[in-house]
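Here is a short report on one protein chain. Look over the sequence and the fold before reading on.

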Amino acid sequence: MFADPENCDYIAGASLGGEPGWIAVYSAFWDPRIYADELGHNLTLQHAASLKCRMLFIDFYQNCIYDEYGDYFDIMGNFWYVTPYIFHFNAPHKLGLNWIGPASVKEATATGTYQIYHSETSTTNTQILKVYKADTNVYYYLSYRQPLGFGAGLYYGLAQGASIHLWNNDPLYQTQFLDSTPMVGDFNCFGDATLSDGQEAVDQINGLTFTQLSHNGDFTEVQVTLADKIQPEIYITCPIYNQLVKQKKYIKVQAAATDNIGVTKVEFRRNGVVKCIVFSEPFFCNMYNAKVKGVQVTNSATAYDAAGNSTSIQTKVTTK
Ligand SMILES: [Zn+2]
């Protein structure tokens, strides 16, 4: 602790990852939370930041406001706003310090329902649910807080469901708290930032939706919906391109269609007019050929998946 120097615009400092670990605090500032914040830096943690994206839970970063200290509910954020409390570290910070072990972290790579146990006590259950955010190559970290221990004063609006942070698995980078109820709430809108039952947070850029189903004293249950952005593949296997076909006969147009999740239907068209809609394999459509020679038509087939992605292929045939 040092005497308060003149013309100094900061009140404390510390080494980030302490070898040696040092903390300097100026004497006018005796608040124990300063020491806790600086000790967090010695333990390698960066600040607990926030990201506000106007009306949206998340948006392109250029439409968002980053606040280095904006997660007030972690001692690495701007704790002055939550006087007189010292809250627990947020869950990604606990993971960075290995207080939440890797066994309690689960990654959601498919649509599903997940239980996230609160992070105030140790458990082998899932305490952090990670979901990849592809456009910026980071992860969403979903966690759950309850008013226990140091966190006993945790505000009601932060204990009703999943907290969502952005992070990249590296303690040396700031965690970023996101607001699932943008533009409303005290504490600079973050006093009710967690999900509540029935509420969803949507990432339109990556096709992700987090919907909270329920919460209790132990865990919150969240449905993660990952939009399918992969289109089906489709080929017309018969007739082949530019095949000559007989007049006044039916021709069987056949397609082979596949999808990462599943093909829900194939539509067959002749010259743009729908002739058949087929909902399961085999995908084919009998089409009647013209009565005269030399008529060229376009047969097309379009495969759809449940998410509405589609792929079309076309081929031409001529009567002989
Ligand atoms: Zn600090």
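How many bridges join strand β17 to strand β20? There are 7, and the two strands, residues 263–270 and 296–305, run antiparallel.

## Ground rules

This is a predicted model, in which local features need pLDDT of at least 70, side-chain atom pairs count only at pLDDT 80 or more, and totals for chains, interfaces and linings use all residues. Residues are numbered from 1 along each chain as its sequence is written.

Helices (H or I, at least four residues) and strands (E, at least two) are DSSP runs, numbered from the N terminus. Two strands pair if DSSP finds at least two bridges between them.

## Domains

The protein chain is split into domain 1 (1–43), domain 2 (45–225) and domain 3 (233–319). These bounds come from an automatic or database domain assignment. The centres of domain 2 and domain 3, taken over C-alpha atoms, are 49 Å apart.

## The seven-stranded sheet

An open sheet of 7 strands has the order β4-β3-β10-β9-β8-β7-β5, with mixed pairing. β4 (65–67) and β5 (105–107) stand at the edges with a single partner strand each, so one side of each has no neighbour in the sheet. From one strand to the next, the twist averages 30 degrees (axes are lines fitted to C-alpha atoms, for helices over the stretch in contact, and angles run from 0 to 180 degrees between N-to-C directions).

Inside this sheet, β9 (residues 162–167) pairs with β10 (residues 175–178) in the antiparallel sense, over 2 bridges. L166 stands opposite Q176 of β10. The loop between β9 and β10 holds N169. Phi of N169 is near 70 degrees, a positive value in a residue other than glycine.

## The five-stranded sheet

A second open sheet has 5 strands in the order β15-β21-β20-β17-β18, and its pairing is mixed too. Here β15 (243–245) and β18 (273–278) are at the edges; each has a single partner strand, so one side of each is left without a neighbour in the sheet. The twist averages 30 degrees from one strand to the next.

V266 has bridge partners in two strands: A303 in β20 and V278 in β18. F268 has A301 of β20 as its bridge partner. β17 and β18 run antiparallel, joined by 5 bridges. They form a hairpin with 2 residues between them, and N271 in the turn has a positive phi of about 50 degrees.

## Nonpolar cores

A nonpolar core is a set of buried Ala, Val, Leu, Ile, Met, Phe, Trp, Tyr and Cys residues joined through C-beta atoms within 7 Å. Buried means 20 or more other C-beta atoms within 10 Å of a residue's own, exposed means 12 or fewer, and partly exposed lies in between; C-beta atoms are placed from the backbone.

The largest core has 45 residues, and I116, L142, A162 and F210 have the most contacts inside it. Strand β8 (residues 138–144) gives the largest share, 5 residues. Leaving aside neighbours within four places in sequence, L142 is in contact (C-beta atoms, placed from the backbone, within 7 Å) with I116, L129, A162, I164, F210 and V222. A second, separate core of 16 residues includes I234, V253, V266 and F283.

## Backbone details

C238 and P239 are joined by a cis peptide bond, with omega about -5 degrees. P239 lies in the loop between β14 (233–238) and β15. The bond from E281 to P282 is also cis, with omega near 0 degrees. P282 sits in the loop between β18 and β19 (283–288).

Note on methods: Two residues are in contact if their C-beta atoms, placed from the backbone, lie within 7 Å.
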